[in-house]
Amino acid sequence: MKFTLGWLKDHLETDAPVSQIVETLIRIGLEVDTVDDPAAELSAFRVAHVISAEPHPDADRLQVCTVDTGEGTVQGVCGAPNARAGMKGVFAPVGTWVPGIEVELKAAKIRGVESSGMLVSEREMGLSDEHDGIIDLPADAPVGKPFAEVLGIDDPVIDIELTPNRPDCTGVRGIARDLAAAGLGTLKPFDAAAPVAGSYESPVKWAVAGDGNACSYVVGRHFKGVTNGPSPKWVQDRLRAVGLRPISALVDITNYVSLDLGRPLHVFDAARLKHKTLTMRRAREGEDFTALIEKDFKLDSEMTVIGDGDSAEALAGVMGGLESSCTEDTTEVFLEVALFDPVSVATTGRKLQMESDARYRFERGVDPESAEWGAEVAARLIQEFCGGEVSKPVRAGSMPDWQRSIELRNDRVATLGGVDVPSDRQAEILDALGFETERLNGKMSAAVPSWRPDIGGEADLVEEITRIHGFDRIAPVSLDRDAALPSVAITPEQRRASNVRRTLAACGLDEAVTWSFMGRAQAELFGGELPDTLVLANPISSELDAMRPSILGNLLLAAGRNADRGFADVGLFELGPAYQDATPDGQQLVAAGVRHGNAQGAHWSGKARAADALDAKADAMAAIQGAGGPAANVQVSRDAPDWYHPGRSGVLRLGKNVLAYFGEIHPAVLRGLDVRGPVVGFEVFLDNMPPRKEKGSSRPALHLESLQPVRRDFAFLVNADVQAGDLLRAARAADRDAITDVALFDVYEGKNMEAGKKSLAIQATLQPSEATFTDAEIEEISTRIVAAVEKATGGALRG
Amino acid sequence: MTVPDTTELQESLLAEVTAADSLDALEAVRVSALGKKGAITAQMKGLGQLDGDARKEAGQALNRVKDAVQAAIGARQAMLDSVALEARLASETVDVTLPARPRVEGRLHPVSQVTEECIAIFGEMGFTVAEGPDIEDDFHNFTALNIPPEHPARQMHDTFYLNAEPGRPAPVLRTHTSPVQIRTMETSKPPIRIIAPGRTYRSDSDATHTPMFHQIEALVVDETTHMGHLKGCIIDFCRAFFDIPDLPVRFRPSHFPFTEPSMEVDIGCSREGGELRIGNFGDGANNWLEIMGSGMVHPKVLEYGGIDPTRYQGFAFGMGIDRIAMLKYGIPDLRTFFDADIRWLKHYGFVPLAVPSMVRGL
């Protein structure tokens, strides 16, 4: 919403400078977007009298001009063909920023002649493309006067970003009212609304069809014998200042009233209407409409039109039609001052992607009373600018019942707003905003003005009073707590997630945050066909059209991008959502990670080592440990889902409860993502982590054996397909009391080894509890270990 | 037989000790003096031939020689040991300029760290952390927040919709964290004091908007909380978060469907030289930066949440986590947050041990 200071002063009696007005607008909730003060920008350009213009002694095309600037006489070299003695022009002294050519003027010698300023063209001032010569002003232009004033562009333009709840401020008068309430001046009386007597019955009538269309009430007036020439200069200047192009008196009037009072109007060329009745009705499905912007639209039956017989002559609340629009030849006019349903106008405008000043106002909610006074304001201006005669008003529909009162308890501003405002002052503020207040016992009743559809309850009145009183006058109060010390802010699950995040970072993985969505085809690499409810109806691109069923996809793509940039050794993780379905329970919290390239880079101390499935396993185990999960008790199975390499992947589980997947990513998946492998990865399902069993903070008692443990090594020859985990478990189970640990310290396949066999070497830790083991006891335990392993694996102790 | 004179013996043995220039030579001296066949041992054996006092006297003299020689050997040995150690150490060097064995440590994403910073601050004020699903229903994301069906925010160009199941309304990707307000009100009774950080989605993608971003929401509901508390809470937060005790904070009236009264919050900044800095730079018109929306919870929202608006009231506010992270840590481009470029993660990320806390500092 743009307006000029001068325009504002039509409605507001004030001496306040622009800066104070802007400050106040912001303070009362009318956010100022920009303030353009063309006068300030062009203040150095002033009217000057050219006393003499002599040929330059050393250049044919240049003249040496002596100029009276009003403050003295200066000399400037000028190349314009129209520069001549006696003319009035616009002079810019040395030091002026010349916007059109983006130069700051400096004193210079031009071919040996001093030049301390220039006579400028319109292009040099940035006003137009005109550059045939310097600006040539009328002889009576006062020397020394700022050129912006002469031009009538000295009025600062203020642009406010209007919140959708303030339809009243879509007109300059509403803004003036708010400023007056805030103490910045006095709102002038609204004289323009006084009735204009009609001299004849309108030959055109209104009808509102009973088809549930958007119009509730409409007023019209007919005008005859009008002349639609240009509108007065002051109207044109104002329209131009706020970015509108003056067209003709009639069109300018509708625009002017819309901006001035927030009242959209439409004028039909009555001679071009074919019927005696204009009807507010729903559009027919597929009905054609040619708008006055000379574009064709196909309408639907949800939209409302103004019908002239079968033909739609206007799209209700959005735009008039081309056929019946006013032109320079118009002599008969029919004025439309209607009330339309905001939702319907908004929906229509959105569907057709039509923006207009009328839509802007109707979708916010136009003052219902303006249907009556708008007709008077428009009639007065049309008569004033275009002459002719005006008919008596015609009406159809019924004025909506907008009257309502809201109660405000005397202490409510204090208890909700947190600031004490005396009751009298509260009433004064509301009255200034147009409410009619009545004092009751312990409360106040406020009748809401017709232009404030946004006011619906007591809290709204508190807002009106506090914003005008000033939010800065509400004293800040720090929140107090019930107890001296804060209680725990996060749940055990949130704490677990935070710990896992920090654990994985400590493991050398960098935390990424990637989109919750990905491309559907790529998403389906992780678990097959995606339910349709996880697909976006309106994605911003096909690469981001499905909710991710696994975090891995986006991490793999990220690893690929890093590799493409020349950083192939990447470890990334993300802790975030993965989606199984569209319900709240279908969203899982997952910690996933990938390692691409080397787990250990090339270094003098050892060979580079590519990340493998067991690096991913270590990451997953670390995450489970970080989550406080039973890392020591997890079982490993080989049934990882099919986005993992079938032979190089596993599942970490507690019985049926799956805690994590890990392994090498399936080459086909990498191909589908166009990522070069191998890459390993893991997914840890934090929601599946068993809750902590212990209550309280106490740990179990620590029992330290006083006797030294004994360690014994064993090497077994087993079939190559025997799993180390089975062997270790068997060895560990051989004597649950004495054996406290079994470590695998060597795996050997190959040379000097029978084909299809491998050697697994373990070290068992035997812990005596009451007395040192005798040789016989150690021998006995060792025998049991060998027997247990042989039974479980079919292998044999190596000789 | 007379008592032998041991002086000569002692001197000659001590001279041998001093002359020993290696541990081996010293050992040879020890054996030749104190060994089974050594000089002192031999003389000791001869003592038996002496009588009474003479034997005693001679024995004592020999013992003195033995002690003196042993002490000398000990001293000589320590000296030779130290020489030998020095010689060994002199031969043992490594190139300490070699790069150390790598210990790789990853970094935390700024969104995670800043979220925890917010939790640390609001936790001190008695807030707890609430969460809600990213895929929301229309009721929690819009209707219950007093956003009517025709509101522009509900349009396809602002909101991501998922495909609907036949006959059911389409779920939305939550456009703000505010639905967590409703979910919290539905499942708990006042007094309520929660913050809700999380992922949010809007159908927007340009230099300053990404289709996914992060918000943090605060909700307080009780019988007495008013706009003064809203201001106090936000001012306390902003000053703690940016660690600027005199940071100016300005409250401007605004409009949101879910709060009444509503205000936008600006903080002090400077834009001098094209560089945005947060701080107290005076009250110039260009010295404010909007960082959040806030207000008193709309009575209709309380009602939708199942809370009696005639008895309870409170405030809510929300801001962009990514945005305040950018402002605090000088990160220029929002889009880079979600690209997982390891150069960016290493540069803007945080070490895993730096857990934010008000006591240790954020």
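Biologist: Where is B:P191 found?

Modeller: In this predicted model, B:P191 is in the loop between α7 (179-187) and β4 (192-201) of chain B.

Biologist: What is omega for the peptide bond from B:P190 to B:P191, and why is the bond called cis?

Modeller: Omega is near 5°, and the bond is cis. Most peptide bonds are trans. Chain A has a cis bond joining A:G677 and A:P678, with omega about -5°. A:P678 lies in the loop between α18 (667-673) and β40 (679-685) of chain A.

Biologist: Why is B:N146 called partly exposed?

Modeller: B:N146 has 19 C-beta neighbours inside 10 Å. Buried requires 20 or more, and exposed requires 12 or fewer. The count for B:N146 falls in between, so B:N146 is partly exposed. Its place is in the loop between α6 (138-141) and β3 (172-173) of chain B, and its phi is positive, near 65°, though the residue is not glycine.

Biologist: How do you know whether B:A340 is buried or exposed?

Modeller: B:A340 has 24 other C-beta atoms within 10 Å. The cut-off for buried is 20 or more, so B:A340 is buried. B:A340 also has a positive phi, about 55°, without being a glycine. Most residues other than glycine have a negative phi. B:A340 sits in the loop between α10 (321-329) and α11 (342-348) of chain B.

Biologist: What makes α12(A) and α13(A) roughly perpendicular?

Modeller: Helix α12 (residues 423-432) of chain A and α13(A) pack at about 95°, with axes 10 Å apart. That angle is within the range of 65 to 115 degrees, so α12(A) and α13(A) are roughly perpendicular to each other. A:Q426, A:I429 and A:L430 of α12(A) make the contact with A:L461, A:E464, A:I465, A:I468 and A:H469 of α13(A).

Biologist: Why is α13(A) said to be largely enclosed by the rest of the structure?

Modeller: Twelve of the twelve residues of α13(A) are buried, so the helix is largely enclosed. The buried residues include A:E458, A:D460 and A:R467. After α13(A) comes A:G470, with a positive phi near 115°.

Methods
Residues numbered from 1 in each chain as written. Chains lettered and ligands numbered in written order. Predicted model: local features only at pLDDT ≥ 70, side-chain atom pairs only at ≥ 80, totals over all residues. Helix = DSSP H or I, 4+ residues; strand = E, 2+ residues; numbered from the N terminus. Axes fitted to C-alpha atoms, helices over the stretch in contact; angles between N-to-C directions. Parallel < 35°, antiparallel > 145°, perpendicular 65-115°, else oblique. Contact = placed C-beta atoms within 7 Å.
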